[in-house]
Amino acid sequence: MPSLHLRLLLAMTAGAVFALGGSASTATASSSTEYGNAGTADACYTWSGTLQQGSGGEAVRQLQIRVSGYPGAGNQLAIDGVFGPATKAAVQRFQSAYGLTADGIAGPQTFNKIYQLQDNDCTPVNFAYSELNHCNSDWSGGKVSAATARANALVTMWKLQAMRHAMGDRPITVNGGFRSVSCNNAVGGAANSRHMYGHAADLGAGPQGFCALAQTARNHGFTEILGPGYPGHNDHTHVAGGSGRFWSAPNCGI
C-alpha cells in the first residue's frame with residue numbers, strides 16, 4: 001500500500017489534472033462560441049471566414065438572399081454577389097433584429113443565426129416552396145425559366161421571414177405565389193403579373209390583418225404592394241419584388 005506521503009502526492013496530481021481538464025474544456029467552449037461551430041451548418045450552404053464590405057462572389061450572393069428582407073424602408077437589395085454599402089446596411093439591420101453585434105460584418109454569429117433560420121433546402125424555416133407555388137410542381141411556363149422563377153420565390157420567402165420576425169414572429173398566411181402564364185390567365189391575373197416571375201405572394205389576413213401586412217412590407221424589400229382599396233385586392237395583400245415600385249392600398253394609408 002502506498003505511503004501516506006505518496007497517496008497525498010497522487011491526490012494532488014489528480015486534482016491538478018482535473019483542474020487543467022476543466023480549463024481546457026472552458027477554453028474550447030469559449031472558442032466555439034467566438035469563432036462559430038461548423039456543426040450548426042446544414043445541407044443548404046456553409047460559409048467560412050467572414051464577409052464584409054469589399055467581399056464578393058457566391059458566398060456574398062448567398063448572404064444577400066438571406067438578408068434581402070432588410071434593405072431599409074422603400075428599398076430593395078440587389079442579389080449581385082457584391083458586398084457594397086447597401087449589403088453592409090442590410091447585414092446590420094439583420095444583426096440588430098436578432099440581437100447580434102450590428103457591425104455589418106458577416107461572421108460566425110451571423111452565419112449561425114442564418115443556419116438556425118433555414119432548412120436544408122435553403123428556404124427559411126417558416127416558409128416552403130409548396131406555399132409559393134399552387135400552379136404546378138416544376139415552376140415552368142412562366143415569363144422566366146423555371147430555375148429563375150424558383151430562385152425568385154426563394155428571395156420572396158426570405159423577405160417574408162423578415163416581415164414575420166418584425167411582426168412578432170406570428171405566422172403569415174400565404175395564399176399563393178408563382179403562376180405559369182396559363183395559371184395566371186385562369187385566375188384573371190394582370191398580363192404582366194409578377195406572379196409569373198416568381199416574385200410575388202398573396203397573403204391572407206392571418207392574425208395581423210391585411211393593412212398591417214401591407215404597411216410592414218414597405219420595410220422589407222417589396223417593391224409592389226397592393227391591398228385593401230386597390231381594385232381586386234380587398235380580400236388579400238399582394239407583395240412582390242422586381243423592378244420599379246408601385247404601392248397602393250388606399251384603405252391602409254398606402
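These legends go with a handful of close-up views of a predicted model. Local features need pLDDT of at least 70 and side-chain atom pairs count only at pLDDT 80 or more, while totals for chains, interfaces and linings use all residues. Numbering starts from 1 along each chain as its sequence is written, and side-chain values use heavy atoms, with hydrogens and water left out.

View A. Contact means heavy atoms within 4.5 Å; axes are lines fitted to C-alpha atoms, for helices over the stretch in contact, and angles run from 0 to 180 degrees between N-to-C directions.

**View B. The antiparallel E2 and E4 pair.** E2 and E4 (residues 237-240) run antiparallel and are joined by 4 bridges. Ala200 stands opposite Ala240 in E4.

**View C. The largest nonpolar core.** This core has 49 residues; such a core is a set of buried Ala, Val, Leu, Ile, Met, Phe, Trp, Tyr and Cys residues joined through side-chain atoms within 4.5 Å. H5 gives the most to it, with 9 residues. Leu63 is among the residues with the most contacts inside the core, and its partners beyond four places in sequence include Trp47, Phe83 and Phe111.

**View D. Gln161 on H5.** Gln161 lies in H5 (residues 146-166) and counts as buried because its relative accessibility is 3%; buried means under 20% relative accessible area, exposed over 50%, partly exposed in between (1.4 Å probe, protein chains only). Leaving aside neighbours within four places in sequence, Gln161 contacts Leu117, Pro124, Val125, Asn126 and Phe127.

**View E. Salt bridges.** The structure holds 4 of them, each a side-chain nitrogen of Lys or Arg within 4 Å of a carboxyl oxygen of Asp or Glu. Glu58 and Arg61 meet at 2.9 Å, N to O; they are 3 residues apart in helix H2, so about one helical turn separates them. Arg179 and Asp202 meet at 3.4 Å, N to O, linking the loop between E1 and H6 to strand E2, and both are buried.

Note on methods
Helices (H or I, at least four residues) and strands (E, at least two) are DSSP runs, numbered from the N terminus. Two strands pair if DSSP finds at least two bridges between them.
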